[in-house]
Amino acid sequence: MLLKGKMLIKTAEKQDVIHILILLTIALGIGIYLIGTTVVIAKDGITFIEYAKNIEIHPQKTMLEQDQHPGYPAMILGAHKIASLFIEDDSVFSWIYSAQSIAMVFRLLAIIVLYFIGKNLVGAKFSFWAVLILIFLPKPAWNGSDALSDWPHIFFLAVGMLLLIRGAISKKWWMFGLAGAAGGAGYLIRPECIQVIVYGLLWLSLQLFWPKHIVSKSKTALALVLLLIGFCVLAGPYIKLKGAVFPKKKIVQLQPQVVSETTYTADVVPSDIGRAFGKLFANIGETLMWFFVPALFIGLYKSFNKPDRYDPKRFFIIVLVGLNIALMVLLYCKAGYMSGRHTLPLVVFTVFYIPSGLHIFADLLNKKFFKKGNANSGFMFLMTIGIVICSPKLFRPLHQDKLIFRKAAQWLAENTQPNDVIAVPDVRISFYSARKWADDKHSPFSQNPQYVVRVSKKQELTEDKKLPLLSNLLFTDQSDSKYRIDIYKPLN
């Protein structure tokens, strides 16, 4: 009997290895393709790269002045230094590829961790299909090949979640210390990763005060202490330096702040909450290409419509979904925006329930159309349709609509001097041309730029009507289907 059990474990481990290799191979191929066909990186990518350059020269000053957290820029700097050992290149593209490579590598690492989270939640088979769906979703794939911090953050969030789940199931208190460290490392990339600590605190508090606790109170107290120590060891120095837990949002200040008497706060009204939920649903739907949305909600209902409410696995997913929904609603009500990047963790950690929903649909299809076929025919049919729907958008080059920016950047690189200052409406134009940037959209001459770039929609006037009268028009391109671009040289 013992021998049979060991053989089953080895078979399961072998199956896990096969699943992970398949998933990584597909994700790597898609990632390399997207990096190779990128037109321009995201605007935030420029911020991260400039941060990486500055942090090498003035690390403390840069961290104090910048709102972004230093983890991802430090990774970019490290990747660039490693690349410089083999290739002597300090060009713009060496920094771009370093940033994109870090995002892709952490997406691959996150896939491994997510697979094991899914295995704990829904089993190895459904976890494999869920992660495969995630790999083919266009928006998560784009973020994993762009110069963005989303996937490095999600990796540490996933590691923290896996450690919490495994620690709660196996009753191993030391895993909570590692989860705290994962949360601290993720916090240095994105402050949202502090939620790992929140989930751990909620579970451990439940064990301390719930009469039906499944872990002894002594081990729970030890796990609680280790959770906080693990987080503070990595995140504490940065929090102390910035004087706040959330310095960008000015939340939980550790240093006294001077607040103006004329500061106003917006009230949250029911209509705002309604619009926030509408935006949240739209973001999730667009990320899931709408095709997978019904399966997601059916799978969630099936999985959570069970009496065992205190199962550790279900507990952590429930609190993750609940907290992220609350944060998204608060973000929209207070700031008036909510992007697909903000709602990405919700998709990533609930995608495991989509195969279950698809399987329910598949059963209906099998009964109606595949009576004599294989029992999995309907499921594979739906999976194929989903992948086909995702593929055209997935393999579209990143930021293809900004191709005209690259054309302007190429002209500037070839026709201007390295020290020239370029006034541009989008920093990516000057960044790709390796020229200094003047962010002066409405008053382009206040910083004495040598060139002024204007991007406008076709058939529309440029934003500054006086500009053509004060400058020589040197370059015009209207080949883009949506935009036209003009480059001027101010008259002396």
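The dialogue below goes through a predicted model, taking its sheet, its helix packing and a few single residues in turn.

Trainee: What should I keep in mind about the model before reading any feature?

Mentor: This is a predicted model, in which local features need pLDDT of at least 70 and side-chain atom pairs count only at pLDDT 80 or more, while totals for chains, interfaces and linings use all residues. Residues are numbered from 1 along each chain as its sequence is written, and side-chain values use heavy atoms, with hydrogens and water left out.

Trainee: How many helices and strands does the chain have, and what share of its residues is buried?

Mentor: The chain has 20 helices and seven strands, where helices (H or I, at least four residues) and strands (E, at least two) are DSSP runs numbered from the N terminus. Of the 492 residues, 49% are buried, a class that means under 20% relative accessible area, with exposed being over 50% and partly exposed in between (1.4 Å probe, protein chains only). Contact means heavy atoms within 4.5 Å, and among contacts between residues at least 6 apart in sequence, 70% join residues at least 24 apart.

Trainee: In what order do the strands of the open sheet lie?

Mentor: Strands of a sheet pair through backbone hydrogen bonds, either parallel or antiparallel. Here five strands form an open sheet in the order β4-β3-β5-β7-β6, with mixed pairing; two strands pair if DSSP finds at least two bridges between them. The edge strands, each pairing on one side only, are β4 (436-438) and β6 (471-477), and the twist from one strand to the next averages 30°.

Trainee: Which pairs of strands are parallel and which antiparallel?

Mentor: β3 and β5 run parallel and are joined by two bridges, with I422 standing opposite Y451 in β5. β5 and β7 pair in the antiparallel sense over six bridges, and the partner of R454 is D486 in β7. β6 and β7 (residues 483-490) also run antiparallel, joined by six bridges, and there L473 has Y488 in β7 as its bridge partner.

Trainee: What covers the sheet, and is β5 mostly covered or open?

Mentor: Helix α18 (residues 403-415) lies across β3 (421-423), β5 (451-457), β6 and β7, and runs at about 25° to β7. As for β5, six of its seven residues are buried, and the strand is mostly covered.

Trainee: How do I read the packing of α9 against α11?

Mentor: Two packed helices are described by the angle between their axes and the distance between the axes. Axes are lines fitted to C-alpha atoms, for helices over the stretch in contact, and angles run from 0 to 180 degrees between N-to-C directions. The axes of α9 (residues 174-187) and α11 (residues 217-242) come within 6 Å and cross at roughly 20°. That makes α9 roughly parallel to α11, since angles under 35 degrees count as roughly parallel, over 145 as roughly antiparallel, 65 to 115 as roughly perpendicular and the rest as oblique. By class, their contact has 14 nonpolar, five polar and no charged residues; Ala, Val, Leu, Ile, Met, Phe, Trp, Tyr, Cys and Pro count as nonpolar, Asp, Glu, Lys and Arg as charged, and the others, Gly among them, as polar.

Trainee: At what angle does α9 cross α10?

Mentor: The axes of α9 and α10 (residues 195-209) come within 8 Å and cross at roughly 155°, which makes α9 roughly antiparallel to α10. F176, A179, G180 and G183 in α9 meet V196, I197, W203 and L204 in α10, a contact with six nonpolar, two polar and no charged residues.

Trainee: Which residues have a positive phi without being glycine?

Mentor: Most residues other than glycine have a negative phi, and most peptide bonds are trans. K171 is one case, with phi near 60°; K171 lies in the loop between α8 (150-170) and α9, and is partly exposed, its relative accessible area being 43%. W290 is another, with a positive phi of about 60°, in the loop between α12 (270-287) and α13 (293-304); W290 counts as partly exposed because its relative accessibility is 43%.

Trainee: What does I26 touch beyond its neighbours within four places in sequence?

Mentor: I26, found in helix α1 (residues 2-36), is in contact with L132, I135 and F136 once those neighbours are left aside. I26 and L132 are 106 residues apart in sequence, yet 8.5 Å apart in space, C-alpha to C-alpha. I26 counts as partly exposed, because its relative accessibility is 28%.
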